Amino acid sequence: MQKEFNAWSLSRRGALRLAGACLVSLENLYAGEFWDKKDPSQWTGEEIDRLTTKSPWAKSVTAQLVPGSNNGGQGGGYPRNGGGMGGGGMGIPGMGGGRRGGMGGGRPGGGYPQGSTYKGTVRWESAQPILDALKAPLPEAFAKHYVIGVRDIPLGDDRQRQQQNPDDTDRDSPKLSTSDSDAARSKRIIDNLKVMTSLTPKGRESVSPEVVQQMTPGGTYFLFGFSKAYLDFGKKDHEVAFTTQSSRLTVKAKFDPSEMLYHRAIAV
């Protein structure tokens, strides 16, 4: 009987040791990352690019076409040379021009070519490591908000943005509607994005953004502000889904707050 008890005790202790050796806490795992080991002033350009484009705070995404948004005759397509949508970077890591996959040339009156996609980044802009990396404050309107940024995806494109004159021989050039001002178009786009955007912690209700701002004239960089009064995150949260949709594109990304650790504290 004593031998059986000793064997059971040894077996139990061995199992506990094995479990302890296998379970590596996320805190210790990410404590080894450069953002926890080095002062932000010592981060290299390569490290900053990694942090701002592929990290717990930054997700690479591919926008999907909204069903029915590719039918012809619904506003103009982009010009073949990119029409300013795919221009060069802005000198800040993670803020390069639009990256397109399979877009092809613009097609007057034809919307997006079949099977077209846009690749970009969804980033938790209010997180302290992102702020430390970019060394630029967020607009004052986003105070007391969790801020998500969508970059390099043309959410600012809508069907009424470009109109073609049927008598115009330069059919590759987009024509702005004279009856639709830039301010009115921008307001329409932002109002639509407020309705069609949400941040959803798993097992809890979705929250819509209180503040949405277009940060670039081309409409490829937007900020979405979600009030901290309605959301709180802890280490037990393992999935927060972000979704936004324009008249033509849907963008989705998932974050894990338990991985978003900066100096052993959740940074959102």
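R204 is partly exposed in this predicted model, with a relative accessible area of 35%. The side chain of R204 forms a salt bridge with that of D237, at an N to O distance of 3.0 Å. R204 is located in the loop between β5 (198–201) and β6 (211–214), whereas D237 belongs to the loop between β7 (221–227) and β8 (240–245), so the bridge ties together parts that are 33 residues apart in sequence. D237 has a relative accessible area of 15% and is buried, because the limit for that class is under 20%.

A search of the whole structure gives seven salt bridges, and the R204–D237 pair is one of them. Another is formed by E33 and R50, whose side chains meet at 2.8 Å, N to O. This pair also links distant parts of the chain, 17 residues apart: E33 lies in the loop between α2 (26–30) and α3 (34–37), and R50 lies in helix α4 (residues 45–53). R50, at 36% relative accessibility, counts as partly exposed.

A further salt bridge connects the side chains of E125 and R123, with an N to O distance of 3.4 Å. Both of these residues, E125 and R123, are buried. Salt bridges with shared partners join R123 and E125 with R151 in one network.

Note on methods
Residues are numbered from 1 along each chain as its sequence is written. This is a predicted model: local features need pLDDT of at least 70, side-chain atom pairs count only at pLDDT 80 or more; totals for chains, interfaces and linings use all residues. Side-chain values use heavy atoms; hydrogens and water are left out. A salt bridge is a side-chain nitrogen of Lys or Arg within 4 Å of a carboxyl oxygen of Asp or Glu. Helices (H or I, at least four residues) and strands (E, at least two) are DSSP runs, numbered from the N terminus. Buried means under 20% relative accessible area, exposed over 50%, partly exposed in between (1.4 Å probe, protein chains only).
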